[in-house]
Amino acid sequence: MSSHRYDPAEIEPRWQAAWEERQAFRTPTDPELLRKRPKCYVLDMFPYPSGAGLHIGHPEGYTATDVVARARRMQGFNVLHPIGWDAFGLPAERAAVRENEHPAKITARNVDNFRGQIKRLGFSYDWEREVDTSSADYYRWTQWIFLKLYERGLAYMAEVPVNWCPALGTVLANEEVKEGVYVETGDPVERRSMKQWMLKITEYAERLLDDLEALDWPEHVKEMQRNWIGKSQGAEITFPVVGADGEPLDGEPSFTVFTTRPDTLFGATYCVLAPEHELVAAITSEAQRTAVDEYVTRARAKTELQRTDLAKEKTGVDTGAFAINPANGEKLPIWVADYVLASYGTGAIMAVPGQDQRDWDFAETYELPIVRTVQPPDGFDGKAYLGDGPAINSGFLDGLEVEEAKQKMIDWLVQEEKGTARVEYRLRDWLFSRQRYWGEPFPVVHVLGEDGEPSGEIVPLSEDQLPVELPLIDAYKPTEDGRPPLARASDDWLIVTLPDGRRARRETNTMPQWAGSCWYYLRYIDADNDEQAWDPELEKYWMPVDLYIGGVEHAVLHLLYARFWHKVLFDCGLVSTKEPFQRLFNQGMILAHSYEDAQGRYYHPSDVEFGDDGSLTAKSNGEKLTSRVEKMSKSKLNVVNPDDVIAEYGADSLRLFELFLGPLDQQKPWSTRDVEGVYRFLQRVWRLVVDPETGELSGKLTDEPGESQDELWRLLHKTIQKVGDDIDSLSMNTAISQMMIFTNAATSAEELPRETVRIFLRVLSPFAPHIAEELWHRLGEQELVCNQHWPVFDEGLVVDDLINLVIQVNGKKRDMLEVPQDTPKDELEKLALGSEAAMKFLEGREPKKVIVVPGRLVNIVG
RNA sequence: GCCGGAGUGGCGGAACGGUAGACGCAGAGGACUUAAAAUCCUCCGCCUUCAUCGGCAUGUGGGUUCGAAUCCCACCUCCGGCACCA
């Protein structure tokens, strides 16, 4: 075997060292240079450094951003392309409990591992700007931002119903809970009332919704955020409560409902209060008291899961009290039912079975009256009718269409002072505290009273007291009496004396993991600044982020939280843009084949025998196997480690294959053996320059100008154009395919001008930077290829002189002629009509019509 | 149930309304080699044919158009999100 073949293991570490030594990817800081050139901020969603290390999905997005960053540098931009670590988080804390080691140590170990893996891929990050959300240098500023929120009244403590996860011993945000379980681990969550920190994200609901409009984000992500914010427009209507006798109750109680269909008020036949509604106890009649109490108690005991899952069958109890329908004065029974949520709207509804399927179901079960107030179309055989139509049975609304009727009813309610227009959001305030150790301590203290107990007064620390560092504690778990781990700290840390001499106790909750990632993109701008979180001038220069790539799993959580903080910072005058991330792109998940036998046991791919007939057998025990494409997971034995791929094929091949697999935004199955294809491509590129027998430059290389090989020269210019365009649209798979086409042509050329190769290596270098550097160097260049200018293509060379003219008869291809690209229309028509191969399909008929598309085809209709 | 997205060879996937299947994997045949690896060349949607010619093909059924994978309507399947939000 020749020793001069393409050997990534030898060249890749060498060039990675060279880049580092020459500081090739340092972000420019010279003010003159910043002023002179345009900027491009290319950002990856930074990883949580888990103990498992990088898997094959991580480098997909990282490679795409790296291609963009490298290309933009070559195109004359100042590029900011940083990386860091979302380093606070539960897994490290759990490992700490298990191994009784400080989570900082575990995290540092994991970060080292991640950094090593990432560096082996040759990404052009500016490592001087690495951030770590768990370092005090960083979280000092997270705490500082919290103080800004607090100053503006956007952070408050409240006794609220929270999602408590017993398995984790902490509360969770709404966004972290789905179908009654924690989305990350599947541990069940229950409702509890606890005093917790909340952030008033609801105050920003409207802006978070409106400002989505101008963002260059995938439509479905915007849609998910819109759904999450869940704006509904409607009305608030007040219903007075009366007893069974129709007389007002003591204190003349009333309640308010929220509805999106005020037009259906005449169709309200009963009302429902949520079991938690404060009025329930007060209005329940003596006769119904036992039943109602029992129902309320049972509803409270249900978990969220039970409430949502089991409640498909609607249940409820009559309170014995009545409400007066403000539209027509009718007496409506008031029920308690848990299909009405305390957490949405006012916790009370007017039930309109005629136009709401849930109310219809409930009315059927309990034999409550049903009145239609919108005329369904002829032939409508459903139950509740939700569509448009003229109002009926609705007094002064009769005949109006839904939209008009809504407006007229609202006008009427306002005039009568019985209600008002109202906008409601599904979005709730953000539950911002966790009972964990490994997170940012809150920069606030609770003042202690004479008795040594908290008086309820909260005092924020001043900026010069930051950071509040995490104390060392004896164990990273809650105290015996259920207080958060930080309550284990000694009084040295826990007890503070305020400037006025009063004593206070530190907050022992910590912030959720989302806190650090809410602003890391700002810290990268000025990562070493220990005077301020970032320099305002630099912020003005670099923001907003021009391209942000990450997984779609953050569509709501991280991206909504970060937008919220950014808007607060904007209102504080601390950032210059309304939105942080101008262009967002979600890479699709990379899936992998898993192999399973009839008993459901999984087998490692290396244990699978692939039969020629497509059969799959386990080598170890001969079991017949079936294959499925699934999310990579340890338990399915289908995780692919990038280190293994690099060891076999090199980082350049891994980078290329990550992108060649298919469109960046789609889910794709990984197949390590297919890496072979891009590896062969790189070997061909290698042989364009290096003679594998001797290690000398290839004998085909000439010093003739590129134009001397006309065909290849044109193909090169097309390649420059195509690759450039594809990088802009993130169509990396077709960019690579174009480079393969070029390489195949260059391989079969008799002579290869050096000029042509030099230009091609520049185009290749963002994708496969190591081999590009090596070959560039071997061609005698001293500079780094990654610092070269991106080549400019010649407009005149990307259009062929001769084109294949397709001749169709009745839309079917019948012949093809080679004609000059600029042949005039009437000439093309004449040529087509002269084609015997085509004309015979007319079978003697006269052409009725001839359509000529210059440069493409002629269609003869006959 | 509601809201998105997607259905193209054995596989991953290409295709401004204009030659469907680029590029790659797998497969078949051949060259080089003592042999293998590597490399190079040829073939590779289905049907028909010795071969051409041809016919059929982009989930299904309609429609618009000179021309539809692409646009419109209905349906089927898969994936994702939300889900008693009044």
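Chain A has 27 helices and 35 strands; helices (H or I, at least four residues) and strands (E, at least two) are DSSP runs, numbered from the N terminus. This is a predicted model, where local features need pLDDT of at least 70, side-chain atom pairs count only at pLDDT 80 or more, and totals for chains, interfaces and linings use all residues. Residues are numbered from 1 along each chain as its sequence is written, chains are lettered from A and ligands numbered from 1 in the order in which they are written, and side-chain values use heavy atoms, with hydrogens and water left out.

**View 1. The whole of chain A.** The C-alpha trace spans about 105 × 90 × 70 Å along its principal axes. Of the 862 residues, 53% count as buried (buried is under 20% relative accessible area, exposed over 50%, partly exposed in between, with a 1.4 Å probe and protein chains only). Among the contacts with a separation of 6 or more, 71% come from residues 24 or more positions apart; a contact here is heavy atoms within 4.5 Å. The accessible surface is about 38800 Å², and carbon and sulfur atoms own 48% of that (Shrake-Rupley method, 1.4 Å probe; for residues, only the protein chains shown count as cover).

**View 2. The parallel sheet 2-1-22-23.** Here 4 strands make an open sheet with parallel pairing, in the order 2-1-22-23; two strands pair if DSSP finds at least two bridges between them. Strand 2 (78–80) and strand 23 (584–587) sit at the edges with a single partner strand each, so one side of each has no neighbour in the sheet. From one strand to the next, the twist averages 20°. Strand 1 (residues 39–44) joins strand 2 in the parallel sense through 3 bridges, and Lys39 is found opposite Asn78 in strand 2. Packed on this sheet is helix 3 (residues 58–74), which touches strand 1, strand 2, strand 22 (547–551) and strand 23, with its direction at about 170° to that of strand 1. For these angles, axes are lines fitted to C-alpha atoms, for helices over the stretch in contact, and values run from 0 to 180 degrees between N-to-C directions.

**View 3. Tyr41 and the cores.** The largest nonpolar core holds 96 residues, and Tyr41, Trp430, Phe432, Tyr520, Phe564 and Trp565 have the most contacts inside it. Another core, of 92 residues, lies apart from it, with Phe114, Trp127, Val675 and Leu701 among its members. A nonpolar core is a set of buried Ala, Val, Leu, Ile, Met, Phe, Trp, Tyr and Cys residues joined through side-chain atoms within 4.5 Å. Leaving out residues up to four places away in sequence, Tyr41 touches a list of residues including Leu80, Pro82, Trp542 and Leu547.

**View 4. The antiparallel sheet 6-5-9-17.** This open sheet of 4 strands has antiparallel pairing and the order 6-5-9-17. Its edge strands, strand 6 (170–172) and strand 17 (430–431), each pair on one side only. Strand 9 (residues 190–199) and strand 17 share 2 bridges in the antiparallel sense, with Leu199 partnered by Trp430. Helix 6 (residues 136–151) packs on the sheet against strand 5 (155–165) and strand 9, its direction making about 95° with that of strand 9.

**View 5. Strands 18, 20 and 21.** Strand 21 (residues 503–506) pairs with strand 18 (residues 444–448) in the antiparallel sense over 3 bridges, where Val445 has Arg506 as its bridge partner. Strand 20 (residues 495–497) is also antiparallel to strand 21, again over 3 bridges, and Thr497 is opposite Arg503. In the hairpin of strand 20 and strand 21, with 5 residues between the strands, Gly501 has a positive phi near 90°.

**View 6. Strand 32 and its partners.** With 6 of its 8 residues buried, strand 32 (residues 802–809) is largely enclosed by the rest of the structure. Strand 33 (residues 812–820) runs antiparallel to strand 32, joined by 8 bridges; Asn804 has Glu818 as its partner there. Their hairpin has 2 residues between the strands, and Asn810 takes a positive phi near 55°. Strand 35 (residues 857–861) runs parallel to strand 32 through 4 bridges, one pair being Gln808 and Asn859.
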